[in-house]
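Biologist: Please take me on a close look at the aromatic rings here, and tell me what surrounds them. I would like your cut-offs as we go.

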Amino acid sequence: MSLERELETAARLAREAGALLLAHLARGVTPQQKTGADDLVTAADHEASDLILAGLRSAFPGDGLLSEEAADNPARLGHERVWIIDPIDGTKEFTSGSPDYAVSIGLAVAGEPVLGAVYAPATDELFAGAVGLGVTRNGEPTGFSRREGYVVSVSDTEFRRELHAHDLPGMAPSGSIALKLARIANGEADVTFSMSPRSEWDVAAGHALLRVLGGDLRRRDGRAIRYNSARPHLEQGIIGGRADALTWLEGELAA
């Protein structure tokens, strides 16, 4: 399976969507609540989603599509290849002026994540990779850290709410989960987990980056994550990173 064209297309669309988001920020954005104060949406989310979906439909008309900000089409379930998109992972951060948000574009084949492009517009960082092609940051090869004292990337919301009361070493709170996974692939952290649910579009691209490097992402209960499910939600939270750090963290959490 050769994914050079797919990776180039995903990287280009991620950058184009990022430029759109920055233009919206320059004009000012007005968030609206979807399910609660921590679940926001803006016009920029929808426009970035439309841009990415149109680009993917044009380039790969035979593939299925799943985006957080578009109506779900059950026809995707009949496709072996499905693009899984979050136009803004970290909308709360996007609207508050934090740089900790990202465009996330993943490709799953037969339920397995094989390609990811995660773009951080605020810092102009593109993390991209695919099976057989390695992982790059802005075009330069990158990979996992070799540090011994692990950095555990955790949700800033979960840290404020509950994790601060625990003595798990190495915790580093931040926003976007897609960007967490990309930064693990870039060696800036080693492992991550969530207490609360996530969805396929949050993690598909970042999972692919970890997988390309020999790492993993799975459900907190140990089950594998399969993509393009009829209900694309991960109710029990996730855990993932480089293999040795992942083993260590599972032991810490069990204790």
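Modeller: Happy to! Rings of Phe, Tyr and Trp (for Trp, its six-membered ring) count as a pair if their centres lie within 6.5 Å; planes under 30 degrees apart make the pair stacked, over 60 edge-to-face, and the rest tilted. Please keep in mind that this is a predicted model, where local features need pLDDT of at least 70 and side-chain atom pairs count only at pLDDT 80 or more, while totals for chains, interfaces and linings use all residues. Residues are numbered from 1 along each chain as its sequence is written, and side-chain values use heavy atoms, leaving out hydrogens and water.

There are three aromatic pairs in the structure. Phe60 and Trp83 form a stacked pair, because their ring centres are 5.5 Å apart and their planes meet at 25°. This pair joins distant parts of the chain, 23 residues apart: Phe60 belongs to the loop between α2 (43-59) and β3 (64-67), and Trp83 to strand β4 (residues 81-89). Helices (H or I, at least four residues) and strands (E, at least two) are DSSP runs, numbered from the N terminus.

Phe60 is buried at 7% relative accessibility, and Trp83 is buried too, with a relative accessible area of 0%. Here buried means under 20% relative accessible area, exposed over 50%, and partly exposed in between (1.4 Å probe, protein chains only). Phe94 and Tyr101 make an edge-to-face pair, since their centres are 5.1 Å apart and their planes stand at 70°. Both Phe94 and Tyr101 are buried.

Back at Phe60, the charged end of Arg81 sits over its ring, 5.5 Å from the centre. That wording requires NZ of Lys or CZ of Arg within 6 Å of the ring centre and within 35 degrees of the ring normal.

The buried residues of α1 are covered by elements including α2, β4 and α3 (91-96), where contact means heavy atoms within 4.5 Å. Among those buried in α1 are Leu13, Ala14, Ala17, Leu20, Leu21 and His24. An α-helix has 3.6 residues a turn, so residues three or four places apart point the same way.

The 24 residues of helix α1 (residues 4-27) should span 34 Å at 1.5 Å a residue, and its end C-alpha atoms, 35 Å apart, agree with that; the expected span is 1.5 Å times one less than the number of residues. After α1 comes Gly28, with a positive phi near 105°.
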